[in-house]
Amino acid sequence: MALELGVLVAEPAMLGRALDLVRNVDEAQLFLMDEGVRAAGDARLAAAIDDGLDATLCAMDAEARGLAPTAGGPRFGSQWDHATMVRDAVRVVAMTGGRIDDSDGATPGPGRRVAVRLTREARDPKIAQALRSAVGYAGVEMTVTVVVEPPARELLRHDEHARDVVRAIATLRALGHRFVEVATSSHRVSCDIEVSW
Amino acid sequence: MSDRAPPETLDLSGEVCPYTFVRAKLRLEELPLGAELHILVDHAPAAENVPRSLAAEGQEVVSVAPEGARWRIVAIKRSEPHLMAKRRFDAMKSG
């Protein structure tokens with residue numbers, strides 16, 4: 001059966017809204033990463049998993065925050081789980097802590113075009129998370145465009161960023177993915193799925 | 001006597017997600033079908049997640065075994081990944 005809905009949560013406060021979205025969907029996945037992993041112990045999430053929700057979190061982000069697997073909690077997975085969810089779900093909703101993206105109707109599968117929008121200053125830790133997830137998208141054969149909004153412009157001006165940021169940029173470029181600088185947040189690029197950070 | 005080439009080893013010690021699964025996939029891309037690849041990881045989640053991602057992409061995971069502070073994942077290439085059109089990945093390797 002096709003995956004109807006994939007929801008990315010990168011802020012714990014978004015959990016309730018995410019659970020509202022998946023509640024009446026037969027085939028839904030939830031992926032927690034970044035600060036969103038702090039919602040792993042939420043009783044509402046445990047109840048949803050008990051009701052059949054497929055929920056996974058980024059083990060690396062959980063480990064960085066001292067969180068361990070719990071009985072009845074989400075599975076400790078990887079960015080591969082996140083990337084395949086974004087690749088394969090008919091509808092993708094991304095709640096990273098900024099704007100909420102809701103992409104629907106594009107053909108799922110390899111080759112799907114995903115735009116990762118960077119809306120924050122280059123040194124914001126969420127930029128590193130955005131770029132890490134973009135590498136994951138590239139790893140499951142999606143076509144990635146990194147959209148650099150004005151607050152993140154410094155990212156492309158020099159290489160004096162955190163090591164993981166520099167590496168992710170180099171990796172995406174080496175793999176042939178694009179970086180596009182836009183003048184305003186309303187400037188859209190052609191894509192199937194959008195994930196804003 | 002087998003004419004299969006000796007297995008290659010990809011040491012991913014020190015690597016974390018997503019570079020673990022992406023680099024494993026890239027290395028497999030370079031190998032012929034039927035080739036055996038030994039992947040070493042030292043991040044516990046990778047010992048579970050890398051084999052799962054490889055299997056989901058049609059590769060055969062023969063074994064996953066602890067080896068000191070690391071894990072050795074033995075995989076056989078059974079399908080052609082089409083990740084990067086044979087592009088080399090030096091930027092990622094150098095970090």
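**Figure 1. Lining of the second largest pocket in the predicted model.** The lining of this pocket consists of 13 residues, and those nearest the centre are A:Val22, A:Arg23, A:Ala48, A:Asp51 and A:Leu53. A pocket is an open set of points on a 1 Å grid over the protein atoms alone, where a 1.4 Å probe fits, with protein on both sides within 12 Å along at least five of seven lines; lining residues have an atom within 4 Å of a point. The space in the pocket is about 230 Å³, the volume being that filled by probe spheres set on the points, with grid points joined across faces, edges and corners. Helix H1 (15-22) and helix H2 (43-50) of chain A each give two or more residues to the lining; H2(A) has the largest share, three residues. Helices (H or I, at least four residues) and strands (E, at least two) are DSSP runs, numbered from the N terminus. By class, the lining holds seven nonpolar, one polar and five charged residues (Ala, Val, Leu, Ile, Met, Phe, Trp, Tyr, Cys and Pro count as nonpolar, Asp, Glu, Lys and Arg as charged, the others, Gly among them, as polar).

**Figure 2. The largest nonpolar core.** Of its 45 residues, A:Leu8, A:Leu118, A:Leu131 and A:Tyr137 touch the most other members. A nonpolar core is a set of buried Ala, Val, Leu, Ile, Met, Phe, Trp, Tyr and Cys residues joined through side-chain atoms within 4.5 Å; buried means under 20% relative accessible area, exposed over 50%, partly exposed in between (1.4 Å probe, protein chains only). Elements that give two or more residues include strand S7 (113-118) and helix H5 (125-139) of chain A, together with helix H1 (19-30) of chain B. H5(A) gives the most, eight residues. A:Leu131 is in contact (heavy atoms within 4.5 Å) with residues including A:Leu118, A:Val146, A:Ile169 and A:Phe179, leaving aside neighbours within four places in sequence. A second, separate core has 24 residues, among them A:Leu5, A:Ala39, A:Ala48 and A:Ile49.

**Figure 3. Surroundings of A:Ser196.** A:Ser196 is in strand S10 of chain A and is buried, at a relative accessible area of 1%. Not counting residues up to four places away in sequence, A:Ser196 touches A:Thr96, A:Arg99, A:Asp101, A:Arg117 and A:Thr119.

**Figure 4. Positive phi values at A:Asp34 and A:Glu141.** A:Asp34, in the loop between strand S2 (28-32) and H2 of chain A, has a phi near 50° and is buried at 5% relative accessible area. A:Glu141, in the loop between H5 and S8 of chain A, has a phi near 70° and is partly exposed at 21%.

**Figure 5. Chain B and its cis peptide bond.** The cis bond joins B:Cys17 and B:Pro18, with omega about 5°; B:Pro18 lies in the loop between strand S1 (8-11) and H1 of chain B. Chain B has three helices and four strands, in the order β-α-β-α-β-β-α. Of its 95 residues, 47% count as buried. The average pLDDT of chain B is 86, and 81% of the residues score at least 70 (pLDDT is the predictor's confidence in each residue, from 0 to 100). Over residues 85-91 of chain B the pLDDT is below 50, and this stretch has 17 contacts beyond near neighbours in sequence.

**Notes.** Residues are numbered from 1 along each chain as its sequence is written, and chains are lettered from A and ligands numbered from 1 in the order in which they are written. In this predicted model local features need pLDDT of at least 70 and side-chain atom pairs count only at pLDDT 80 or more, while totals for chains, interfaces and linings use all residues; side-chain values use heavy atoms, with hydrogens and water left out.
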